[in-house]
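Student: Let's work through this one together. Please put it up and start with the ground rules.

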Amino acid sequence: MRLTLRVWRQKNAQDPGRFEEYDHPDVNEHMSFLEMLDVLNQRLIGEGKEPIAFDHDCREGICGICSLMISGVAHGPQPATTACQLHMRFFNDGDTVTVEPWRAKAFPVIKDLIVDRSAFDRIIQAGGYIAAGVGGAPDANATPVPKVNSDRAMDAATCIACGACVAACPNASAMLFTSAKVAHLNLLPQGQPERYQRTARMVRQMEIEGFGACTNMGECEAVCPKEISMDFISLLNKDRIGAAMRGIRD
Ligand code: SF4
Ligand code: FES
């Protein structure tokens, strides 16, 4: 299959960047999207050109690092699929495919398709943990957890912190990510002692990082490769009210 790729090339954060077009006649339908880029990069290296910089690690849909905007859709056209798990059989011979980095003020471009997502790390550092003593694993496992809560906490915990929700949101809001990271702790008994402080701190850090506000557009849920539900945003807002009622700011 032969594709035309329009790829965002940007030397560093200061470079204004531009699209470059590549003819790619060597695309196999069984390749993943990242393998397709690998093959193009091998050719560019052979021609003495700079390869395209893109983030990748597990290539199994679990690490969340393969952040690519593919023809205007975060992670590409296949629902519930990360870019590394997207296969070229979902494209057609002769397609023109545009590949860009995430676009958000809080995710500055480092190079080409790689952005700095350390803002997410700082949101986690602000409260995405349990500092209260819960004993060893057997003690913690002895604490009864309602099945409905353990299932919902597990659903929230599947967030891989990829940032697609931010990239897809017209406001570049990080509410879906933050709500998932808050909910997987706030839904469990072990998360209760710090529940409202955690909520207030993580939301405050989200605002400090420059992410926009949520206006219920729903683009985040539509592109999330782990199908994180916007219901978690409702839960987060409920706990924000709970924090405010208790006078907990951060
Ligand atoms: S909520 Fe979904 S889209 Fe957002 S960071 Fe988590 S896994 Fe990625
Ligand atoms: S490379 Fe790990 S999720 Fe895609």
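Tutor: Buried means under 20% relative accessible area, exposed means over 50%, and partly exposed is in between, using a 1.4 Å probe on protein chains only. This is a predicted model, where local features need pLDDT of at least 70 and side-chain atom pairs need 80 or more, while totals for chains, interfaces and linings use all residues. Residues are numbered from 1 along each chain, chains are lettered from A and ligands numbered from 1 as written, and side-chain values use heavy atoms, without hydrogens and water.

Student: Fine. How many of the 250 residues count as buried, in percent?

Tutor: The share is 48%. The C-alpha atoms fill a box of roughly 60 × 35 × 30 Å along the principal axes.

Student: And how many helices and strands?

Tutor: Nine helices and seven strands. Both are DSSP runs numbered from the N terminus: H or I over at least four residues for helices, E over at least two for strands.

Student: In what order do the strands of the open sheet come?

Tutor: 2-1-5-3-4, five strands with mixed pairing. Strand 2 (18-24) and strand 4 are the edges, each pairing on one side only. Pairing here takes at least two DSSP bridges between two strands.

Student: Which strands run antiparallel to which?

Tutor: Strand 1 and strand 2 do, with seven bridges joining them. W8 has F19 as its bridge partner in strand 2. Strand 3 (residues 69-70) also runs antiparallel to strand 5, over two bridges. There, M69 stands opposite E100.

Student: Where's the parallel part?

Tutor: Strand 1 (residues 3-9) pairs with strand 5 in the parallel sense, over four bridges. R6 is partnered with T98 in that pairing.

Student: Why is strand 5 largely enclosed by the rest of the structure?

Tutor: Because four of its five residues, 96-100, are buried.

Student: R6 again. What does its charged end sit over?

Tutor: The ring of F19, at 4.3 Å from the ring centre. The rule asks for NZ of Lys or CZ of Arg within 6 Å of the centre and within 35 degrees of the ring normal. R246 does likewise over Y196, at 4.0 Å.

Student: Now ring on ring. How many aromatic pairs?

Tutor: Six. Rings of Phe, Tyr and Trp (its six-membered ring) pair with centres within 6.5 Å; planes under 30 degrees apart are stacked, over 60 edge-to-face, the rest tilted. F33 and F91 make a tilted pair, 5.8 Å centre to centre and 45 degrees between the planes. That pair links distant parts of the chain: F33 is in helix 1 (residues 33-46), and F91, 58 residues apart from it, is in the loop between strand 4 (73-74) and strand 5. F33 and F91 are buried.

Student: What sort of pair do F120 and F177 form?

Tutor: Stacked, with 3.6 Å between centres and 0 degrees between planes. F120 is in helix 2 (residues 118-125) and F177 in helix 6 (residues 175-186), 57 residues apart. F120 and F177 are both buried.

Student: A 3.6 Å stack at 0 degrees. Noted. Next, which residues surround ligand 1?

Tutor: F120 is one of them; the others are C159, I160, A161, C162, G163, A164, C165, L176, C224, P225 and I228. Each has a heavy atom within 4 Å of the ligand.

Student: How many in that shell are nonpolar, polar and charged?

Tutor: Eleven nonpolar, one polar, no charged. Ala, Val, Leu, Ile, Met, Phe, Trp, Tyr, Cys and Pro count as nonpolar, Asp, Glu, Lys and Arg as charged, and the others, Gly among them, as polar.

Student: Is N216 buried or exposed?

Tutor: Exposed, at 57% relative accessibility. N216 lies in the loop between helix 7 (195-208) and helix 8 (219-223).
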